[in-house]
Amino acid sequence: MAGMCKLGSVLKFIGGVLNKAVSFVVFSVLDLLDFILCYGYKVADFCIEAEWRPCYCSSAKEAITSSGKILVSEQGESKIVSLNSSKLQLEDISDTLYSRPSLVAEVSKLTVNELKKFKLDGTAKTKKGSTRSTFTINSIIVEMLQGKMVGRQLHHIPTWSDCDCKFCNSWTSSSKDTLYVKAQGPKDNKAREDVIFIHGFISSSAFWTETLFPNFSNTAKSTYRFLAVDLLGFGRSPKPADSLYTLREHVGMIEKSVLEAYEVNSFHIVAHSLGCILALALAVKHPGSIKSLTLLTPPYFLVPKGEAATQYVMRKLAPRRVWPVMAFCTSLACWYEHISRTICLVICKNHRLWEFLTKLVTRNRVRTFLMEGFFCHTHNAAWHTLHNIICGTSTKLDRYLDIVRDRMKCDVNIFHGKDDEVIPLECSFNVQRKIPRAQVKVVENKDHITIVVGRQKVFARELEEIWNISSRSH
């Protein structure tokens, strides 16, 4: 028995070494490919749209025109704090958008730093206060914000690499700049309570409406009004090309499109993955209105002291490894702006073809609502939302959770699939450590998606029980 355990440990060690070695080669090649694609897209954009499209590979600009001033702070908290009469308020920009060193550069820097430490060991340290502050302003942020500050309208026309179908661009035919909301419940405003559903990354309201909505009991359907929203940039909601998809924009649009449009005063929240961050931000803004918080696989990472929070979260979420497969996929999405744009070009722009082929191969036996959620977004929306929400809010989540713990009395329930390879199980228990009253349920044999899909009937009953208990206790 001891021999088998030792053999298992040896095989695991060898597998880990091979994974690191292969990953180094693969991601070094991808670094080069992304560099080449950067110039390829610049040429393509200019030829097709007659203008250069800024990207985060561009060198930083140190001077900004008189249209406004932009100050970018340090330590992973980039903020635009001084603007002109357009009154664009403080925006949080994650430094992971423009600070993503190549794997080769990162390894080289680590090696050099270790050699310097060895060489300078025992020497006097730099005197306190001698550190010089530097500020970095990335060109794409400057150009996008300058466009906003001179009063430019939202860019409704999709770029050549985005899908131009009616479904993806249905928002352009509406005069209202609001999110798409699927509402279901008693007519004539007879619902006693409201429930807001917030989906995760590259998903849509269909994640809820096609799974949970049909499986709620008749009693729940007559008691609650269900409001499932497509987040800004996803599904049938607006996908403005000049948006930075910041936390302020996402939360503001939910308030405008759901709370104000449907006159919601108090409500339950059910959120999945990235949506958990928006749910917490919304709850903190409306602490007296929240009846219960149900979070599925919340991406909350404990950042070690001294680490840059945004960079740490990005590396935890996207470790640049070829195995497991989900780690490879998230690494492509996080680290490579132009490779991820190519993936969107191939998959999202041609989603009707992929949906047709799927139906043809499966003889129409597979429902495609998950595919619709995965396909219906733009690269601009996915890229900025991923960095500005998941990575960029890493410095805010501690404060949000403290407010929920100390100033709010609502019930907090957390669900996490034990086989989730996207968000590690430890994240849910991290939330529980911050909010001791939170209840964590680990669901066996379920992953990031099947925590809902495939167990929708059971989960619908669990939600109803949560809401009933919360209503009785309040």
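Biologist: What percentage of the 474 residues in the chain is buried?
Modeller: The model is predicted. A residue counts as buried when its relative accessible area is under 20%. By that cut-off, the buried part of the 474 residues is 48%.

Biologist: What is the accessible surface of the chain, and what percentage of it belongs to carbon and sulfur atoms?
Modeller: The accessible surface of this chain comes to about 24,200 Å². The part of that surface belonging to carbon and sulfur atoms is 57%.

Biologist: How many helices and strands does the chain have, and what percentage of its contacts with a separation of 6 or more joins residues 24 or more positions apart?
Modeller: The secondary structure consists of 16 helices and nine strands. Among contacts with a separation of 6 or more, those between residues 24 or more positions apart account for 78%.

Biologist: Which residues does L278 contact, leaving aside neighbours within four places in sequence?
Modeller: L278 is one of the residues that touch the most other members of the largest nonpolar core. With neighbours within four places set aside, its contacts are I198, L231, L247, H250, V251, I254 and I389.

Biologist: Is L282 buried or exposed?
Modeller: L282 is found in helix α7. Not counting residues up to four places away in sequence, L282 touches V251, I254, E255, L259, F267 and I269. The relative accessible area of L282 is 0%, and the cut-off for burial is under 20%, so L282 is buried.

Biologist: What is the C-alpha to C-alpha distance between L282 and I254?
Modeller: I254 is among the residues that L282 touches. The two are 28 residues apart in sequence. From C-alpha to C-alpha, L282 and I254 are 8.5 Å apart.

Biologist: How are α9 and α13 oriented to each other?
Modeller: Helix α9 (residues 325-335) and helix α13 (residues 379-391) pack at an angle of about 95°, with axes 9 Å apart. A333, C334 and W335 of α9 make the contact with W383, L386 and H387 of α13. By class this contact has five nonpolar, one polar and no charged residues. Angles of 65 to 115 degrees count as roughly perpendicular, so α9 and α13 are roughly perpendicular.

Biologist: How many charged residues are in the contact of α9 with α10?
Modeller: α9 and helix α10 (residues 337-347) pack at about 110° with their axes 6 Å apart, and the two are therefore roughly perpendicular. L332, A333 and W335 in α9 meet E337, I339, S340 and I343 in α10. Glu counts as charged. By class, the contact has five nonpolar residues, one polar and, as charged residues, one.

Biologist: Which residues are joined by a cis peptide bond with omega of about 0°?
Modeller: P324 lies in the loop between α8 (309-317) and α9. The cis peptide bond, with omega of about 0°, joins W323 and P324.

Biologist: What is the phi of S273, and what is the phi of T297?
Modeller: S273 sits in the loop between β6 (267-272) and α7, and T297 in the loop between β7 (290-296) and α8. S273 is buried at a relative accessible area of 6%, and T297 is buried at 0%. Neither is a glycine, yet phi is positive in S273, about 55°, and in T297, near 50°.

Biologist: Is Q432 buried, partly exposed or exposed?
Modeller: Q432 lies in helix α15 (residues 426-434). Leaving aside neighbours within four places in sequence, Q432 is in contact with I414, A438 and V440. Its relative accessibility is 27%, so Q432 counts as partly exposed.

Note on methods
Residues numbered from 1 in each chain as written. Predicted model: local features only at pLDDT ≥ 70, side-chain atom pairs only at ≥ 80, totals over all residues. Heavy atoms only, no water. Axes fitted to C-alpha atoms, helices over the stretch in contact; angles between N-to-C directions. Helix = DSSP H or I, 4+ residues; strand = E, 2+ residues; numbered from the N terminus. Parallel < 35°, antiparallel > 145°, perpendicular 65-115°, else oblique. Contact = heavy atoms within 4.5 Å. Buried < 20%, exposed > 50% of the residue type's maximum accessible area, 1.4 Å probe, protein only. Areas by Shrake-Rupley, 256 points an atom, 1.4 Å probe, with all protein chains shown as cover. Core = buried A, V, L, I, M, F, W, Y, C linked by side-chain atoms within 4.5 Å.
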